[in-house]
Amino acid sequence: MASSSSLQSEERFLCSLCLNIFTEPVTTSCGHNFCMACVTKYWNSKDLCQCPLCRETFSRRPKLRVNTTFREVVENFKKMRERGRNGSPPKPKIVPCDVCTEEKQKAVERQAEGLIKELEQEITDLKRRCTDLKQLSHSEDHLQLLQSFLSLVCNPPPTKSWSVISVHSDLFVGTLRRAVSQLDETLNKEMEKLPGVKLKRIQQYAVDVTLDPDTAHPSLILSEDGKQVRCGNTLQNLSDNPKRFDCHRFVLGKNGFSSGRFYYEVTVKGKTRWNLGVARESTDRKGIITPRPEDGLWTVSRRDENVYLNGTLNSILSLREKPQKVGMFVDYEEGQISFYDVEARSHIYSFTGCTFTEKLYPFLGPSDNDDSQNSAPLIISPVNHTH
């Protein structure tokens with residue numbers, strides 16, 4: 001019977017993918033060894049190029065070369081093993097297929113256990129963070145609130161992209177797959193409770209919004225690039241058309257969306273009055289308009305010291321601060337429209353359970369100048385993904 005030390009010595013010469021002695025061994029930059037054919041086949045079956053053992057990800061597939069020194073060591077090991085202790089060739093060792101499968105499954109189980117521990121740790125950290133945020137929200141110590149805010153909200157904890165984690169499909173470990181999938185789902189739910197983390201995810205759906213001058217009220221002045229709008233002091237002599245708002249100081253984006261998700265941000269700094277949101281294509285552009293969902297407008301508005309839902313004075317939104325930049329997110333299939341305070345990385349309001357059947361357009365309203373107190377423009381801002 002082989003001693004435990006000899007078994008451990010032999011394991012050093014086994015490829016972790018095929019569990020056989022290395023053939024044409026190669027070494028990755030993270031220091032792990034594999035058969036050339038095994039690691040090539042593994043990478044060909046994956047969208048992401050990473051080490052099969054430690055999961056280190058490579059920006060591009062490494063150009064592998066046979067480790068000639070290690071190959072010589074492996075070949076010497078083979079010769080020594082063939083000689084045997086008594087100098088005669090040992091009998092061929094036949095390993096049953098079920099034993100190989102069992103060894104592979106144990107290796108995958110160890111890998112999955114490590115992933116589960118990582119997930120559980122992330123969930124624990126996120127739950128602790130949720131508790132800290134709840135306690136902070138009830139704090140009356142403004143100094144403590146300011147000191148804690150940046151570390152708790154603006155710097156979300158690092159999380160692994162679990163969507164790229166996979167388990168070898170040929171090992172039939174469905175139970176492990178389900179366990180990892182359930183933990184991944186739990187992690188996502190916990191992360192959704194953190195507004196800063198959720199906003200960062202939503203920002204990946206940012207689109208390039210340009211305003212449509214054909215829809216702008218005659219008193220509105222658009223910048224040449226279509227990224228800014230402000231209210232002028234006089235009505236411009238513009239041709240009327242079915243698309244143009246003729247009573248309210250509103251303007252729509254050029255491009256509409258009839259599926260998927262989209263997000264954009266508007267700077268409202270320096271303004272005391274504004275209207276922002278989303279409008280459906282068939283929204284009435286003529287006469288007095290009530291900004292409400294049943295009329296195809298989902299908006300939030302500021303009037304001096306308060307922010308309102310749908311522009312109605314009896315629907316004040318309770319906010320700690322007045323937003324300086326507002327983010328708007330639409331999930332067409334889910335029927336959801338959400339508003340965010342970008343700088344505070346906090347949630348303002350969400351319309352949910354909506355049913356969309358036509359194109360939706362970005363909607364902006366800079367309101368009147370209010371004796372130059374509200375002359376600043378609304379600015380469609382580029383999304384900063386580095387927050």
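Biologist: Let us start with Gln50: is this residue buried or exposed?

Modeller: Buried means under 20% relative accessible area, exposed means over 50%, and partly exposed lies in between, using a 1.4 Å probe and the protein chains only. Gln50 has a relative accessible area of 4%, so Gln50 is buried.

Biologist: Before we go on, what kind of model is this?

Modeller: Residues are numbered from 1 along each chain as its sequence is written, and side-chain values use heavy atoms, leaving out hydrogens and water. Local features need pLDDT of at least 70, side-chain atom pairs count only at pLDDT 80 or more, and totals for chains, interfaces and linings use all residues, as this is a predicted model.

Biologist: Which side chain makes a polar contact with the side chain of Gln50?

Modeller: A polar contact is a pair of N or O atoms within 3.5 Å; within protein, one must be able to donate a hydrogen and the other to accept it, and residues adjacent in sequence count only if both atoms are side-chain atoms. Gln50 sits in the loop between α2 and α3 (68-83). At 2.9 Å, the partner of its side chain is the side chain of Arg55.

Biologist: How many helices and strands does the protein have?

Modeller: Helices (H or I, at least four residues) and strands (E, at least two) are DSSP runs, numbered from the N terminus. Counted this way, the protein comes to seven helices and 14 strands.

Biologist: Where do the buried residues of helix α2 lie around its axis?

Modeller: In α2 (residues 36-44), the buried residues are Cys38, Val39, Tyr42 and Trp43. The arc is taken from the directions that lead from the helix axis to the C-beta atoms. These residues cover an arc of only 125 degrees, which puts them on the same side of α2.

Biologist: And which exposed residues does the face turned away from that buried side carry?

Modeller: The cover over the buried residues of α2 includes β1 (25-27) and β2 (33-35). On the face turned away from the buried side, the exposed residues are Ala37, Lys41 and Asn44.

Biologist: Which strands stand at the edges of the open sheet of seven strands?

Modeller: Two strands pair if DSSP finds at least two bridges between them. The order is β3-β4-β14-β6-β10-β11-β12, with antiparallel pairing. Each edge strand has a single partner, so one side is left without a neighbour in the sheet: these are β3 (220-222) and β12 (346-351).

Biologist: Within this sheet, what is the bridge partner of Ser338 in β12?

Modeller: Strand β11 (residues 336-341) runs antiparallel to β12, and five bridges join them. In β12, the partner of Ser338 is Ser350.

Biologist: Which side chain is joined to that of Ser381 by a polar contact?

Modeller: Ser381 is found in strand β14 (residues 378-381). With a relative accessible area of 13%, Ser381 is buried. Its side chain has a polar contact of 2.5 Å with that of Thr267.

Biologist: How far apart are the C-alpha atoms of Ala279 and Leu360?

Modeller: Ala279 belongs to strand β7 (residues 273-280), and at 0% relative accessibility Ala279 counts as buried. Contact means heavy atoms within 4.5 Å, and beyond its neighbours within four places in sequence, Ala279 is in contact with several residues, including Leu360 and Tyr361. Ala279 and Leu360 are 81 residues apart along the chain, yet their C-alpha atoms are separated by 5.5 Å.
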